[in-house]
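Open the model in your viewer and keep the sequence panel beside it. The stops below are given in the order in which to select them.

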Amino acid sequence: MKLDYFRDKLFDLLNDSEELGIADLNADERNGLLTVETEDGNVFEIVCQQVGEKRGIWR
């Protein structure tokens, strides 16, 4: 799976989730960040970066 595809799917999952109470969601593709603002005013950053490649069974 490519990083861009993973990040796009994660964005879609967060964007479609009503249970999380997300007020705003932004993607900074250049820096691999998803910024999430919740309805109660908290802000979170999710860093999306590939840290390895598939080498058989994940340990």
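**Stop 1: a nonpolar patch**

Select M1, Y5 and F6, which make a nonpolar surface patch of about 390 Å². This is a predicted model, in which local features need pLDDT of at least 70 and side-chain atom pairs count only at pLDDT 80 or more, while totals for chains, interfaces and linings use all residues. Residues are numbered from 1 along each chain as its sequence is written, and side-chain values use heavy atoms, with hydrogens and water left out.

Patches are made of residues with over 30% relative accessible area and no salt bridge; nonpolar side chains (Val, Leu, Ile, Met, Phe, Trp, Tyr) are joined within 5 Å, and like charges within 9 Å. Accessible areas come from the Shrake-Rupley method with a 1.4 Å probe, and for residues only the protein chains shown count as cover.

Stay on Y5, which is found in helix α1. Helices (H or I, at least four residues) and strands (E, at least two) are DSSP runs, numbered from the N terminus. Y5 has a relative accessible area of 47%, so Y5 is partly exposed. The classes are buried (under 20% relative accessible area), exposed (over 50%) and partly exposed (in between), with a 1.4 Å probe and protein chains only.

**Stop 2: the salt bridge**

Next, select D4 and R7. D4 forms a salt bridge with R7, and the closest N and O atoms are 2.6 Å apart. The term stands for a side-chain nitrogen of Lys or Arg within 4 Å of a carboxyl oxygen of Asp or Glu. The structure holds one salt bridge. Both D4 and R7 lie in helix α1, three residues apart, which is about one turn of the helix.

Is R7 buried or exposed? R7 counts as buried because its relative accessibility is 5%. D4, at 46%, counts as partly exposed.

**Stop 3: a negative patch**

Now select D8, D12, D16, E18, E19 and E29, which form a negative surface patch. For charges, Asp and Glu count as negative and Lys and Arg as positive; His and the chain ends are not counted. The place of a charge is taken as CG of Asp, CD of Glu, NZ of Lys or CZ of Arg.

Within this selection, centre on E18. E18 is in the loop between α1 (3-16) and β1 (22-28), and its relative accessibility of 75% makes E18 count as exposed.

**Stop 4: strand β2**

Move to L34, in strand β2 (residues 33-38). L34 has 0% relative accessibility and therefore counts as buried.

At 12% relative accessibility, T38 counts as buried. Draw the C-alpha to C-alpha distance from T38 to C48, which is 19 Å for a sequence separation of ten residues.

**Stop 5: after β3**

Finish at K54, in the segment after β3 (43-47). K54 counts as exposed, with 79% relative accessibility. How far apart in space are K54 and M1? Their C-alpha atoms are 9.5 Å apart, although 53 residues separate K54 and M1 in sequence. M1 also belongs to the nonpolar patch with Y5 and F6.
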